[in-house]
Amino acid sequence: GGCGGQCGQTYTPKFVNLPTFMATPFFPEVTAAWTAAKIENDEIPAKEFLEAAQKFVPIFDRLGKVFYPVKADVGGNVDKLLKALAASPAPSLQQLINAEKAAGKHTDKNSAACALLWFKRAMEFVFTMLQKVCQGVDGTKAAKEAYAETLSKYHGFMVKKTFDMGLMAAPSTETMTKTLGPDQDSVLKEMTEWVGVAKPLLDNIHSYLSSAGLDDQSKV
């Protein structure tokens with residue numbers, strides 16, 4: 001059977017009301033954690049990477065409720081991967097899922113393989129949006145374009161409609177950067193650094209899932 005995305009079914013995000021005064025810089029600590037998850041022999045260290053992924057999740061609280069469905073996909077699937085790792089420890093994400101595949105459990109709805117697939121898809125959307133913002137595309141347009149280029153391919157009509165409606169309210173670059181640090185210039189510089197560090201990791205996950213035949217194309 002195919003594995004569907006979560007779209008908030010199993011994961012209840014904890015919302016944080018952020019004060020409106022100067023936001024603390026979001027990216028430096030996150031980028032340091034993603035940098036620590038170093039690819040070795042074409043594999044990603046499981047514990048370090050999932051810790052880095054967890055550190056990224058609060059970005060959705062800062063960016064606002066438009067992004068809560070994506071928060072559920074990212075955060076919920078990181079939780080599933082952490083549970084899978086606790087149940088059968090493995091040094092890398094690849095070895096965790098290869099073991100699951102060998103046991104024939106990779107197609108289960110709650111499998112680590114499905115969790116990694118939907119985590120990757122949701123992250124590709126956010127990554128593409130932030131990359132566009134760094135390149136000068138305004139936030140609202142960047143969110144719509146990123147969704148069309150990434151996640152929307154795996155969404156059926158109803159889910160797509162919900163996302164399209166929601167993203168009409170996506171924040172501008174000015175609004176977005178205000179939630180991510182004290183001033184726009186420093187935030188865009190820090191965001192660019194995270195994009196540079198995240199790209200090889202997300203590319204590695206993508207090519208692993210494709211080559212392992214785990215990139216299930218069915219829509220949700």
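Modeller: Contact here means heavy atoms within 4.5 Å, and by that rule F125, T128, M129, K132 and V133 in α6 meet G139, A142, A143, E145, A146, Y147 and E149 in α7. The model is predicted, so local features need pLDDT of at least 70 and side-chain atom pairs count only at 80 or more, whereas totals for chains, interfaces and linings use all residues. Residues are numbered from 1 along each chain as its sequence is written, and side-chain values use heavy atoms, without hydrogens and water.

Colleague: Why are α6 and α7 called oblique to each other?

Modeller: Helix α6 (residues 112-134) and helix α7 (residues 139-149) pack at about 140 degrees, with their axes 8 Å apart. Angles under 35 degrees count as roughly parallel, over 145 as roughly antiparallel, 65 to 115 as roughly perpendicular and the rest as oblique, and α6 and α7 are therefore oblique.

Colleague: What makes α2 and α4 roughly antiparallel?

Modeller: Helix α2 (residues 46-56) and helix α4 (residues 68-87) pack at an angle of about 155 degrees, their axes lying 10 Å apart, and α2 and α4 are therefore roughly antiparallel. In this pair, A46, K47, L50, A53 and Q54 of α2 meet V78, L81, L82 and L85 of α4.

Colleague: Why does P200 count as partly exposed?

Modeller: P200 has 41% relative accessibility and therefore counts as partly exposed (buried is under 20% and exposed over 50%, with partly exposed in between, for a 1.4 Å probe and protein chains only). P200 sits in helix α10 (residues 184-211), and its C-alpha lies 8.6 Å from that of I39, although P200 and I39 are 161 residues apart in sequence.

Notes: Helix = DSSP H or I, 4+ residues; strand = E, 2+ residues; numbered from the N terminus. Axes fitted to C-alpha atoms, helices over the stretch in contact; angles between N-to-C directions.
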